Structures are given as C-alpha cells and as structure tokens.
Amino acid sequence: MLIKDIVSKDPIHVSVPGNREKALELMRKQKISGLPVTKEGTNLLVGILTRSDLIENPDEEQIALIMSRDIITAELNDDVSDVALKMVENNIRRVPVVKNGDLIGIVTSSDIVSLAISEMSINDPIEGYMIKNVPTIWDQSPLNVAFEVMRFFNLKCVIALNNDAKMSGILTETDFINESEVVSETSVHNSSVGTEGDKWSWDSTSVLYVEKNHLKFSDKVVKDVSTVKVATANTKTKVSDCAKRMRIENIEQIPVISVEGDLVGLLRANDLLRALTD
C-alpha cells in the first residue's frame, strides 16, 4: 500500500509569521493535535507544530519560535511501511506529505492504523506491542498533579484509578489543554549588597522582576474531566482487532487489562505501527 492511498489531502495548517493563540484555537476547533507550518503566502513547508510544543513553550508567542524545523516528510509514492518505520524510529505521530517541498497532505499514525492495519489480518497478540509503564493517577487528584504525572512519563494520556485501584477513566493531552489557560505571573527577587569592610555602610538592594508564563488548570479533579467509557483490550487481543477498535472509537490509545480486570499495559497507535516494521 502506498501513501497516496491513505493520505489526507489539503491538510489544515498554519503559516508563519503567526501566533500561538491562533494555532491553539485551530487545534481545539478541528480536534487535532498537530499542524504543518507553511511560509505565509505559499505552500512551502517550513515546520510542524504540535500541542506538546505549545505546552512546553508557554513563554513563546510566535509560532516560528515554537515549531519544530527538523521535519520528517513523505511523498505520495512512498510505501506505507517505510513511512511507518520513520514514525517509529523518530517517535512521531504525523508526517507531512510534500511535492517539491510544498505541502500537499499529511499522514498520521492513526491513519495508518485505521486505513491500513485494520484492513490486514495481523493475528499477533498485542502483548508484544503494548507498553507496560503506564501513568496512573487517583481520580480525586487535582488536574495539575495529573498533568505532571503525564509529563513525567512523556506520554499523551494518564489513566485514572478509583479508591479500589481499578481503572475509572482516561485523560488525554487534549483534555488537559481544554481545562487550562496560559497565565502570566511576576516574581520579585531581592538581593542586598554591602560595602566590604565598613560595618556602618548602607546596604544597597537590587530588585529583579521576572515575568513568566505557565499553564493554569481549572479547579476540577481528574474524575470531573476523564472519559469514563474507556475502550479496553486484553493481552491476547489481535493487532488487527485493536486497530479496528481504534478506528471505530476514533481513539489513539487503548488500556490493556488482565482477565481479573487489572491494568497491565497501554497500547498506542504508534505501538501498532511496529506490526508493519518488525
């Protein structure tokens, strides 16, 4: 199968110069997690901007200072498995499709899972593809604590647990963005300097004002925001069956549970790409 068979043409994108608010609003409106960036007035691809880029750079306003410039790209006649390998090797979830440097489309890991892997007969159990280090959080925890747990694991979701340590929901990066805003706070730093050798000298005080942006979350707790109807799989579920489930539910990750209902892993769309590359 070739990229031209699954590519999303005329992708939504932003241009430089541009600002973060416009990009974030577009992501929220279109319910997407990343945008190709073109040079204003042209289709020339100059970067790619993700929600993670916006989260990690709250102090920057200009897209040009936030976006990634080292872009992995594909062309229409590339084989899907070759592009999947690029995604796995570079730990990315989207690849812009170009022609002579101009943006003409985009392919995501979800596209490959939904349009390619789900149509194949890959009967391998997902236990060989899932990750076992899964971020979890008590469902009564504040959102800012859950967000830091997700960041620590460098993943795009966190699993909520109830008082019985059973899975009660899931939060994604999108949920956190929807419940946050960028706020600016100024901190004051004082330092006193006296004249050496003169105990009667006046101390001189220098004052430094530091202004810094950061994400501020709503007062809700995890349970208020998490998705409670969670699609799950078990370790023996087949790769293609999980791919079909992701397509039907329009999701990018599936918690994996044991026969007893305990959380044992997490399967992401990017994990399933390895079924095409191993």
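Student: Which residue takes a positive phi in the hairpin of strand 13 and strand 14?

Tutor: Glycine 261, near 90 degrees, in a hairpin with 5 residues between the strands. Strands are DSSP runs of E (at least two residues) and helices runs of H or I (at least four), numbered from the N terminus. Mind that this is a predicted model: local features need pLDDT of at least 70, side-chain atom pairs count only at pLDDT 80 or more, and totals for chains, interfaces and linings use all residues. Residues are numbered from 1 along each chain as its sequence is written, and side-chain values use heavy atoms, leaving out hydrogens and water.

Student: What makes strand 13 and strand 14 a pair?

Tutor: Pairing takes at least two DSSP bridges. Here 5 bridges join the antiparallel strands, so they pair. One of the bridges links isoleucine 257 with leucine 263.

Student: Why is one side of strand 12 and of strand 14 left without a neighbour?

Tutor: In the open sheet, ordered 12-13-14, strand 12 (233–234) and strand 14 (263–268) sit at the edges, so each has a single partner strand.

Student: Which residues of helix 1 are called buried?

Tutor: Buried means under 20% relative accessible area, exposed over 50% (1.4 Å probe, protein chains only). In helix 1 (20–30), Arg20, Ala23, Leu24 and Met27 are buried.

Student: How do you know that they line one face?

Tutor: Their directions from the helix axis to the C-beta atoms define the arc. Those fall within 95 degrees, so the buried residues line one face of helix 1. On the other side, Lys22 and Lys29 are exposed.
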